[in-house]
Amino acid sequence: MPSMKKIALLGSTGSIGTQTLDVIENIGGKFDVVALAAGHNLEFLRRQIRKFHPKYVCISDEHNANILRTEFSDTEIFFGDNGLVELACLDDVDIVVNAIVGAKGLIPSYRAIDCGKRLCTANKESLVMAGEILTERAKETGAVIFPIDSEHSALFQSMLSGKHSEIKRLILTASGGPFWNKDVDFDKIIPVDALAHPNWSMGQKISIDSATMMNKALEIIEARWLFDIPLEKIDVLIHPQSIVHSIVEFVDGSQIAQLSLPDMRLPIQYALTYPERFESPMKPLDLAEIGNLEFCTPNKDKFPAIDLAYRVLTDGGNSPIILNTVNELAVESFLMGEIKFSQIVRFVIQALDEIPKSSVSSLDDILSADRVASEWFEKRIRNR
Ligand code: NAD
Ligand code: MG
């Protein structure tokens with residue numbers, strides 16, 4: 001029997017994390033969960049430890065780590081950022097799944113790549129902040145970066161039908177989130193409305209990113225680096241049913257797409273098992289039942305976030321980091337009721353206008369650009 005692939009799952013208690021464990025359970029006998037890491041949900045993590053018996057665990061704070069140490073004497077318990085770094089580079093791990101939300105995912109992704117692991121990443125923020133550095137380092141270490149994001153999984157699958165040099169255009173589909181076709185006042189949107197995505201059930205941050213369509217900006221940047229495709233060859237198409245997950249157009253005019261019902265377990269499974277495919281318990285797609293698929297161009301006046309991807313990639317340097325950091329902090333502020341929905345993207349634009357440009361050539365430069373952008377935001381929030 002072929003040996004089981006050993007997995008470290010970072011962000012195990014979140015939406016992608018729990019679905020990754022579902023996939024591993026469903027597929028049975030192929031993957032061994034060697035390490036789990038989570039933020040603050042102690043009770044949920046405890047249940048996962050009882051079920052999957054990982055050798056290593058990491059939790060954000062030391063106090064919780066001490067509690068787990070008393071309960072699980074056979075498990076090595078780490079905590080904090082250093083713990084995440086340890087888990088991303090364990091000798092007895094083949095695949096690191098990064099399902100952490102936000103900029104916190106950057107260093108673990110870098111570390112996994114540094115150690116030559118197969119990195120299956122849902123964490124798009126790390127690629128937005130450091131796409132060039134991560135992909136260049138992967139070339140040096142032989143690490144493979146595999147997308148979990150459904151659009152990027154679709155692009156990867158569609159690309160298999162032609163050569164890289166034959167790609168004319170990547171077309172990222174976007175559901176448009178809850179507001180794309182609604183006449184709503186963006187000043188009056190409250191978190192519960194913005195969190196109610198029509199097709200996907202996801203973590204809070206990505207749900208808000210979908211509502212502002214900043215998610216698509218992040219995904220354009222993610223695609224640019226993952227697939228080494230120039231910016232001008234990446235387009236966005238609104239597709240409210242989320243059945244066509246993205247499209248690759250080749251030079252001869254053929255467009256190849258990947259279709260399935262919206263269920264993240266499919267791209268997660270593919271990322272884990274590629275180049276093989278296995279049966280899955282997911283509901284099959286019945287196009288006759290769906291009936292109609294709609295497509296239209298995005299309204300960029302209503303959703304100015306989309307074009308910010310082109311702006312920050314053209315500007316380069318610290319710009320993508322400013323976009324990512326200020327967006328993340330603004331989303332948190334919106335969820336805490338501190339700012340309006342309409343201010344999320346406005347703050348990002350203001351930060352890009354005001355923060356001086358700087359060049360970025362190392363991970364330290366990125367972390368310092370992240371600090372500058374955080375300080376800018378904190379000042380703006382305090383001085384309102
Ligand atoms: P989530 O909020 O549901 O889960 C986040 C996970 O990260 C949790 O397990 C949390 O405990 C963990 N975490 C947070 N801070 C941590 C820390 N300091 N140390 C260790 N763990 C920490 O988020 P999600 O929706 O699962 O999204 C995760 C990532 O996947 C995001 O980058 C998101 O954009 C991307 N993504 C998600 C979906 C989806 O359907 N949910 C789809 C595509 C891409
Ligand atoms: Mg996506």
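Visitor: What are the ground rules?
Guide: This is a predicted model, where local features need pLDDT of at least 70, side-chain atom pairs count only at pLDDT 80 or more, and totals for chains, interfaces and linings use all residues. Residues are numbered from 1 along each chain as its sequence is written, chains are lettered from A and ligands numbered from 1 in the order written, and side-chain values use heavy atoms, without hydrogens and water.

Visitor: Where are the polar contacts with ligand 1?
Guide: A polar contact with the ligand is a pair of N or O atoms within 3.5 Å. A polar side-chain atom of Glu-125 lies 2.7 Å from an oxygen atom of ligand 1. A backbone N or O atom of Gly-39 is 2.8 Å from a ligand oxygen. Taken alone, ligand 1 exposes 820 Å², of which the protein buries 87%. Such areas come from the Shrake-Rupley method with a 1.4 Å probe.

Visitor: How many salt bridges does the structure hold?
Guide: Side chains of opposite charge can pair when their charged atoms come close. The criterion is a side-chain nitrogen of Lys or Arg within 4 Å of a carboxyl oxygen of Asp or Glu. The structure holds 29. In one of them, Glu-354 pairs with Arg-380, the closest N and O atoms being 2.4 Å apart. Glu-354 lies in helix α15 (residues 341-354) and Arg-380 in helix α16 (residues 363-382), so the pair ties together parts 26 residues apart in sequence.

Visitor: Are Asp-149 and Lys-124 buried or exposed?
Guide: Buried means under 20% relative accessible area, exposed over 50%, partly exposed in between (1.4 Å probe, protein chains only). Both Asp-149 and Lys-124 are buried. Their salt bridge has its closest N and O atoms 2.9 Å apart. Lys-124 and Asp-149 also belong to a salt-bridge network with Glu-151, Lys-216 and Glu-219.

Visitor: Which residues form the nonpolar patch?
Guide: Patch members have over 30% relative accessible area and no salt bridge; nonpolar side chains (Val, Leu, Ile, Met, Phe, Trp, Tyr) are joined within 5 Å, like charges within 9 Å. Leu-259, Leu-287 and Ile-290 form this one, with about 210 Å² of accessible area together. Leu-287 is partly exposed at 42% relative accessible area.

Note on methods:
A polar contact is a pair of N or O atoms within 3.5 Å; within protein, one must be able to donate a hydrogen and the other to accept it, and residues adjacent in sequence count only if both atoms are side-chain atoms. Helices (H or I, at least four residues) and strands (E, at least two) are DSSP runs, numbered from the N terminus.
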